[in-house]
Amino acid sequence: MFFSRPWRRSYRGNRQSFRKLFLEGLETRALMAADTYMDPFGNQIGFIPAPPAIGGASGGSSSGNGSAGDGPQGFVPLDDTFKLHSRPSATKTVYLDFDGFTARGTPWNAGRGRDPIISPAYDLDGNGAAFTDRELRAVQTIWQQVSADFSSFDINVTTEDPGEAALVNTGGNDNRWGIRVVMTPDDFPAPGAGGVAYIGSFRWGYNQAGATDTPCYVFNAVPEQATLAVSHEVGHSLGLSHDGTNAQNPFQQNAEYYGGHGGAGETSWGPIMGAPYDRNITSWDNGFYLGSNNGGANANYGSGPDDIAVIISPANGFGILQDDHSNLETSATELTGPIDASDRVVFRQLGLIERSNDLDYFQFQAGSGTLDLLIDPYITQAWTRMSDGSFVPSIESALFNTNYWPATQSTNLDVEARLYDASGTLIATSNPVGMRAGFSGLQISAGIYYLSIDGVGFGSPTNNPPDGYSDYGSIGQYLITGSMPVAFGVAVSNASLTYVENEPAKAIANWAKVIDLAPGDYSSGSLALEMKPSAGATDILTFDYSLVEGLSEVDSVLVYNGSQIGSITRASDTSLVINFTSFATQSAIESLVECIRFEARGESPDTFDRRIEIALTKGSFRGTTVVRVRVESVNDSPQATTSFMDDVQEDDRSPSGTPVGQIIERGVIDPDSTQGSGIIVTSAGSSNGLWQFEAGFGWTDLENLSTSAGLVLGPTARLRFIPAPNYFGPAPDLKYYALDPLYQGAFSGPAGLVMIDIESVVAPDSISKAAGEIK
């Protein structure tokens, strides 16, 4: 395996002597024919050439007619553009840095003889550092398409600055690192290139501490061209080499960078580590195409041709995600959803093909009628960071208008769908030319069905001429949507429920309707309620029987209009089963469902998305419907109570003082169970001594304070009282307001005092309603 020479050696004394040689090496060679170079200190560098012109303009230009994210759908609100994450739980990060970056003390600075290297912000529209709406859509487009290339891996592609600590591997027990991709029009680090990276730099620090925030750079601006360059250069940082051709490919002989094949249509393809700028599909590969020069044991610097194996090598620190849906029919994921007014089950299910041998199985029960089903790989799951630090998921369309095919580089997954009946007999297959699959208006009989999803190849990339791609890189996310006739179940008025903290228990549905075409009564039937995938810590499901005349519960026995219709067994506050008797009727079951109430009790309830599954059974028939639940937390103002300073001795003229953090611990109560972040001092008594504070610039008297000119202090600041000579007794009162973590302002510190009118605090719930005292 290739490892870069330890760049941490002392190189500053030799910087000037190497600079001229290095600059000549970069600037006098044609980058379109370049492979890799060594910098003056033995570190290997990989490029991608600049893209071909689009509409008369270079892809690195601020003009041109590329997609720029101008598609009509697929975008989160533009204000959230720099809050996007593909997998926020991952410990490894690819940070797409669009707002400019200053590199200091990195190999780029040493090799190029400039420290710092200041790279301006991404600038598609030539308007400087500000971001137009078009540019924000372009940023989202690039993020979506890069996320597609890394969707199978346990790594987070983000547009939000994670901080240097999340990008630099310091060695030892540090398990959080990654790579910064600087998106800039200034190609100073590699003149004339489309992007550049140090080979293996993602893992720098793996064997020894001392790594710096060494980025890779991308100079292309047009989204579909920038996307390829980003994944290409990140690939270099992970240890991948270029994909080119030998003399056996008559169409691109002995090319350093393979440009791909298949024209510009939906099934056009090229390897990410080549330069297939005008292909729809660009994926990781294993050297399986006509005339590949990267298909042997020497590929990828001696690690072999398997790109994915190199990407997940131990030095990089991450692997492939665990399988989200089973490869077996026996443990298939149930496709379910709400029942609409036409008595059809409407479903929506996200999935991921993690590797070429992955197969995802789903199961559903349907009535007789038509099945409509679409498996769409042109989607991206986006996680947006909210103001409270939580992440909200959404599924966005990744279909964009481009100069090539209308979805350039936005998916790598070519879907094949197969439908089987309950006996395992194949009844239909969908694998049209293109990436999507599905069934429209397919006539089916009532029964149980199984759906398999597979990532497949197309054509023969080793033919002469080459065509299509293998299934090696046919991986990524997909979304199943559609509807089917319901055979049995409970329809409810709404598919989702929003519950706000401290609300009273809320009905999960305004009305319910039992759909039952099955024969027989409910003597062998049941109604089960359960929170999935898990309940919040304070969730509870209850019944409000007062809403239905004649319905009651006594000692877990349900009575409806004088007849015992069933009994309740509660496994927990959010899981129960009602076993019916023969007296249960459809109207009784509908009334029961209409009585169900959801509540997330107490302060700071869990806010993760969950769902209530309502499963109705009768004999061998079972129907499940789902109500999705979103809980919104409300920030409660902290309470400033009486707090106490450390004791001061009589005539002590230089007490050490008490940290504000201790004053907060002793006197601030936060209903949300968060730690207070600071205080605002609004008055300080002056009898029998003097109040002072210290916030990084020496002890200073507390004076001229009021509610309109309060002093803001953080937890590391200190307060003290200096008693007058010969005085002992209580200090005069000092009044303060408490701040919680949602306070968005600054604190007094070495940069200067921060004074504030308490009425002007941006987040009113972040400050206490009344003042407390410090004694």
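Modeller: The axes of helix α3 (residues 133–149) and helix α4 (residues 223–237) come within 9 Å and cross at roughly 40 degrees, where axes are lines fitted to C-alpha atoms, for helices over the stretch in contact, and angles run from 0 to 180 degrees between N-to-C directions. That angle makes α3 oblique to α4, since angles under 35 degrees count as roughly parallel, over 145 as roughly antiparallel, 65 to 115 as roughly perpendicular and the rest as oblique. The crossing of α3 past α4 is right-handed, a term used if the near helix is turned clockwise from the far one by less than a right angle, with anticlockwise giving left-handed. Helices (H or I, at least four residues) and strands (E, at least two) are DSSP runs, numbered from the N terminus.

This is a predicted model, in which local features need pLDDT of at least 70 and side-chain atom pairs count only at pLDDT 80 or more, whereas totals for chains, interfaces and linings use all residues. Residues are numbered from 1 along each chain as its sequence is written, and side-chain values use heavy atoms, with hydrogens and water left out.

On the α3 side, A138, T141, I142, Q145, V146 and D149 meet P223, E224, A226, T227, V230 and S231 of α4, contact meaning heavy atoms within 4.5 Å. By class, this contact of α3 with α4 has six nonpolar, four polar and two charged residues; Ala, Val, Leu, Ile, Met, Phe, Trp, Tyr, Cys and Pro count as nonpolar, Asp, Glu, Lys and Arg as charged, and the others, Gly among them, as polar. An α-helix has 3.6 residues a turn, so residues three or four places apart point the same way.

As for the setting, the chain has eight helices and 49 strands, and buried residues make up 54% of its 775 residues, buried meaning under 20% relative accessible area, exposed over 50% and partly exposed in between (1.4 Å probe, protein chains only). Among contacts between residues at least 6 apart in sequence, 73% join residues at least 24 apart. Another helix, α7 (residues 586–595), has seven of its 10 residues buried, so α7 is largely enclosed by the rest of the structure; I589, L592 and V593 are among them.

S326, in the loop between α6 (307–311) and β13 (333–334), is buried with a relative accessible area of 18%, and its C-alpha atom is separated by 5.5 Å from that of D360, 34 residues apart along the chain. Its side chain makes a polar contact with the side chain of S331 (2.6 Å), that is, a pair of N or O atoms within 3.5 Å, of which, within protein, one must be able to donate a hydrogen and the other to accept it, residues adjacent in sequence counting only if both atoms are side-chain atoms. A polar atom of the S326 side chain also lies 3.0 Å from the backbone nitrogen of L328.

A505, in the loop between β27 (496–500) and β28 (506–507), is partly exposed at 32% relative accessibility, and leaving aside neighbours within four places in sequence, A505 is in contact with R597, F598 and E599. N502 is found in the loop between β27 and β28 and has a positive phi of about 75 degrees although it is not a glycine.
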